[in-house]
Amino acid sequence: CWFGHSHLSNYTIQADVRGSTKRDKMPDIGLIAQGYALDLQGNSQRLQIRTWVTQLRMAKTIKFPWKPGVWYRMKFRAEVTQGKTVLRGKVWERGKAEPKAWTIEAIDDAPVTQGSPGLFGNAKDAELALDNISVVAND
């Protein structure tokens, strides 16, 4: 789902997320910022920043093991600067201190400069939950 105006840019979206398991499978859970996705991938245990799933021209993917039934906080920042979009994501266990370093970063040299914030999930394999959703302008 998308929410907010489509002309928004330079903001950070944050949410608490939790995935379950069903038949040893986990869901995908993601945040959308300015036309980009931060995707916490359950079955592959990866974290990815990308534009569209069918277009991985600027995608950055890292291994990221996470556990079912545990709440995590996801934070995704999009910033247009010097003709590029800089994307930064963090994921950590809710209730623990926010890490200072970003978990994953990507740069798009052919930037998407505006777009609605949003959420997505692929719950065909197992249920997911979202809570404490916020969108704030970058400072």
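**Exercises on aromatic contacts, core and chain end**

The structure holds one aromatic pair. The model is predicted, with local features requiring pLDDT of at least 70 and side-chain atom pairs pLDDT 80 or more, while totals for chains, interfaces and linings use all residues. Residues are numbered from 1 along each chain as its sequence is written, and side-chain values use heavy atoms, without hydrogens and water.

**Exercise 1.** Determine which residues form the aromatic pair, and classify its geometry.

*Solution.* Rings of Phe, Tyr and Trp (its six-membered ring) pair if their centres lie within 6.5 Å; planes under 30 degrees apart are stacked, over 60 edge-to-face, and the rest tilted. Trp66 and Tyr72 have ring centres 6.1 Å apart and planes at 90 degrees, and the pair is therefore edge-to-face. Relative accessible area under 20% means buried, over 50% exposed, and in between partly exposed (1.4 Å probe, protein chains only). Trp66 is buried because its relative accessibility is 3%; Tyr72 is buried because its value is 5%.

**Exercise 2.** Identify the residues with the most contacts inside the largest nonpolar core.

*Solution.* Such a core is a set of buried Ala, Val, Leu, Ile, Met, Phe, Trp, Tyr and Cys residues joined through side-chain atoms within 4.5 Å. The largest one has 25 residues, and Leu40, Ile49 and Phe76 have the most contacts inside it.
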